[in-house]
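Me: I would like to learn how to read the features of a model with care, taking one kind of feature at a time. Could we go through the one shown here together?

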Amino acid sequence: MFRPVVKIACAIVCLLAASFALAQTEFSADIANTGREGGGKNGKVYFGKDKIRFESSRQEGMGGAVIVDLSAHTSTMVMDQQHMYMEMPIQMTSKRDPYHFFRAGDPENACPDWLAQPANKGGTCHKVGNDTVNGRSVVKYEGTNAEGKSGKAWLDPKLRFPVKWEESDGSGWELQNIKEGTQPANLFEIPAGYKKFDMGGMMQRQN
């Protein structure tokens, strides 16, 4: 039942490199599925200086969010219906998708950052040039990862983050209704009174 929120979090976390430049501009945006499966708006993202919050628009009676701490390399799933939260390393969230984009140090010369990622060793990267996505000036890139899977990314120089990306399997995502501005600190905190979900204890009880 956690799948909608986690799926969105995985899609965005896969854009982050192991070493990254922290956000220069805080912002919020809608996350839209623009791939062949369609679906329109699928969630919301809030980007602080070193933390991200993902919310799914497909609540399925669950509610909640995924909060990623880029400095601590951890992610926390907040389950509103259960008044609980579950912590896990970023690697557990991002390893689902083998095609990693990145948080670019220099959006005008992002290929070195791209090719430095382990998942892209032996891959390719090509700067296509300037473009526009939803009225924002961006830089378009094309590349392949170590497995030969290709994709495209449109990096926003001001946000230093991809605002659109497409993959060779027909999937695609886009950030829409981007609003720049300082994000409230409580968005990235666990609500008071929520209990930690003990996955290990649950598995022991099932045995």
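Me: Which residues point one way from β1, and which the other way?

Reply: In this predicted model, F27, A29, I31 and N33 point one way from β1, while S28, D30 and A32 point the other way, and all are buried. Buried means under 20% relative accessible area, exposed means over 50%, and partly exposed lies in between, with a 1.4 Å probe and protein chains only. Helices (H or I, at least four residues) and strands (E, at least two) are DSSP runs, numbered from the N terminus.

Me: Which strand pairs with β1, and in what sense?

Reply: Two strands pair if DSSP finds at least two bridges between them. Here β1 pairs with strand β11 (residues 172–180) in the antiparallel sense, over 6 bridges, and the bridge partner of S28 in β11 is K179.

Me: Where in the chain is confidence lowest, and where is it highest?

Reply: The quantity to read is pLDDT, the predictor's confidence in each residue, from 0 to 100. Where pLDDT is low, the predicted coordinates should not be read in detail. The chain averages a pLDDT of 77, and 71% of the residues score at least 70. Confidence is lowest in helix α1 (residues 3–13), at a mean of 48, and highest in β7, at 95. Over residues 14–23 the pLDDT is below 50, and the model gives this stretch 36 contacts beyond near neighbours in sequence, a contact being heavy atoms within 4.5 Å. Residues 92–102 also stay under 50 in pLDDT, with 48 contacts beyond four places in sequence.

Me: How many disulfides does a search of the whole structure find?

Reply: A disulfide is a covalent bond between the sulfur atoms of two cysteines; the criterion used is a pair of cysteine sulfur atoms within 2.5 Å. The search of the whole structure finds 1 disulfide, formed by C111 and C125, whose sulfur atoms are 2.2 Å apart. The link of C111 and C125 is left-handed, with -80° about the S-S bond. Because C111 lies in helix α3 (residues 111–116) and C125 in strand β7 (residues 124–133), the pair ties together parts that are 14 residues apart in sequence. C111 is buried, at a relative accessible area of 13%, whereas C125 is partly exposed, at 21%.

Me: How many salt bridges does the structure hold?

Reply: Side chains of opposite charge can pair when their charged atoms come close. A salt bridge requires a side-chain nitrogen of Lys or Arg within 4 Å of a carboxyl oxygen of Asp or Glu, and the structure holds 9 salt bridges. One of them joins the side chains of E180 and R136, at 2.9 Å from N to O. Since E180 lies in strand β11 and R136 in strand β8 (residues 136–144), this pair ties together parts that are 44 residues apart in sequence. E180 is partly exposed, at 35% relative accessible area, while R136 counts as buried, at 18%.

Me: Which residues are linked with E180 and R136 in a network of salt bridges?

Reply: The network links R136 and E180 with D156 and K158.

Conventions: Residues are numbered from 1 along each chain as its sequence is written. This is a predicted model: local features need pLDDT of at least 70, side-chain atom pairs count only at pLDDT 80 or more; totals for chains, interfaces and linings use all residues. Side-chain values use heavy atoms; hydrogens and water are left out.
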